[in-house]
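Please read this note beside the model. The points are numbered for reference.

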Amino acid sequence: MAEHLTEHIVFNKPKIELHVHLDGAIRVETILDVAERRGITLPACTVKEMTHICVVHQPATLTEFLGKFTEYMHIIAGDREAIKRIAYEFVEDKAKEGVIYVEVRYSPHFLANTDVEPIPWNQKEGDLSPDEVVRLVNQGLADGEKAFNIIARSILCCMRHMPSWSMGVVELCKKYKKDGVVAIDLAGDESLNCEAYPGHRMAYEEAERCGVHRTVHAGEVGPASVVKEAVEVLKAERIGHGYNTLEDQVLYKQLLEQNMHFEVCPISSKLTGACDPDFTKHPVITFRKDKANYSLNTDDPLIFNSTLHLDYSTAQKYMGFTEEEFKRLNINSANSSFLPEKEKKDLVNKLYEAYGMVENTGF
């Protein structure tokens, strides 16, 4: 943790996390280790210095935030050992935060160096395909599950600026549906809408046809119309962020009635410039008052130098969250997870038991 952030545990009970990026949750120590092993020179050689380079320190634009990935992704991408390691360590880190179920997302193409056009991060062509990336991440997550007594599933991301990758992503979701991959996501620049980029719409139509669950980054920095498109065109079952839904009250009320799940990331929303930096004005306060269905998540803990505990303590300190609300939102999160029905019911029951609640309390 950076000196300017104080981690205060306000909800020391089992938690669910549904919106966190694997490539935004890598340990700085691991980046340094892998760089040394691969003989790649970094602009810093200590954890403290490298952390300073990777972290967004003040509210920034989404472009500045995305620029942080270029500082370290070339270290991890294309390396089998590193990819499996970051998945395993991710599960360990989440278990330490009291998370009992997590859905972690990533773009398999961003970690590959063959069968991907263009090859990302200025890598030379190698022999690690997006398909094998998924297999390695699944392996790392599964090993972490066994070691740390937590359930970890993954979501594969399409990227808005790379519509040519999207059909490949949905095919991987289908292939690994019974092996840890639970959904498809669409991330990146929200100004690139699906009308202009039909590759995404086609991928989501195929996902729906094949029973692959769907979430979409929408209404984070883009307007409410992007949320509307996510729901109506892409048939999203959950919305990543969704803060700007509040600009369109008709849409917001419709989504409340549908019990649409919003994947809310408080610390992230301040540092990407998505929301007013004054936490007392955060859209999730409206979600809370309206008893909306949402989760609290870290998004990219490496880049925000944060933990899930910080998101929770921020919600308590500035947004009026209580222990009861933390319980309610986690039960909603479990119910909105992309697990098969029986596993979902088991997860929900586990929370009721941990929270000392009876299932018909109206939560």
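How much space lies in the second largest pocket?

1. About 510 Å³ lies in the second largest pocket. A pocket here is an open set of points on a 1 Å grid over the protein atoms alone, where a 1.4 Å probe fits, with protein on both sides within 12 Å along at least five of seven lines. The volume is the space filled by probe spheres set on the points.

2. This is a predicted model, in which local features need pLDDT of at least 70, side-chain atom pairs count only at pLDDT 80 or more, and totals for chains, interfaces and linings use all residues. Residues are numbered from 1 along each chain as its sequence is written, and side-chain values use heavy atoms, with hydrogens and water left out.

3. The mean pLDDT (the predictor's confidence in each residue, from 0 to 100) is 94 for the protein, and 97% of its residues reach 70 or more. Over residues 1-5, pLDDT stays under 50.

4. The second largest pocket is lined by 26 residues, and L66, F69, F110, M159 and G188 are the closest to its centre; a lining residue has an atom within 4 Å of a point. The largest share, 3 residues, comes from α3. Helices (H or I, at least four residues) and strands (E, at least two) are DSSP runs, numbered from the N terminus.

5. By class, the pocket lining has 15 nonpolar, 6 polar and 5 charged residues. Ala, Val, Leu, Ile, Met, Phe, Trp, Tyr, Cys and Pro count as nonpolar, Asp, Glu, Lys and Arg as charged, and the others, Gly among them, as polar.

6. Helices α5 (residues 80-96) and α6 (residues 130-148) pack at an angle of about 35°, and their axes are 8 Å apart. Axes are lines fitted to C-alpha atoms over the stretch in contact, and angles run from 0 to 180 degrees between N-to-C directions. The contact (heavy atoms within 4.5 Å) includes I83, A87 and V91 of α5 and V133, L136 and L141 of α6. It has 12 nonpolar, 3 polar and 6 charged residues.

7. Most residues other than glycine have a negative phi, and most peptide bonds are trans. D115, not a glycine, has a positive phi of about 60°. A cis peptide bond, with omega about -5°, joins E117 and P118. D115 lies in the loop between β2 and α6, and P118 is in the loop between β2 (99-106) and α6.
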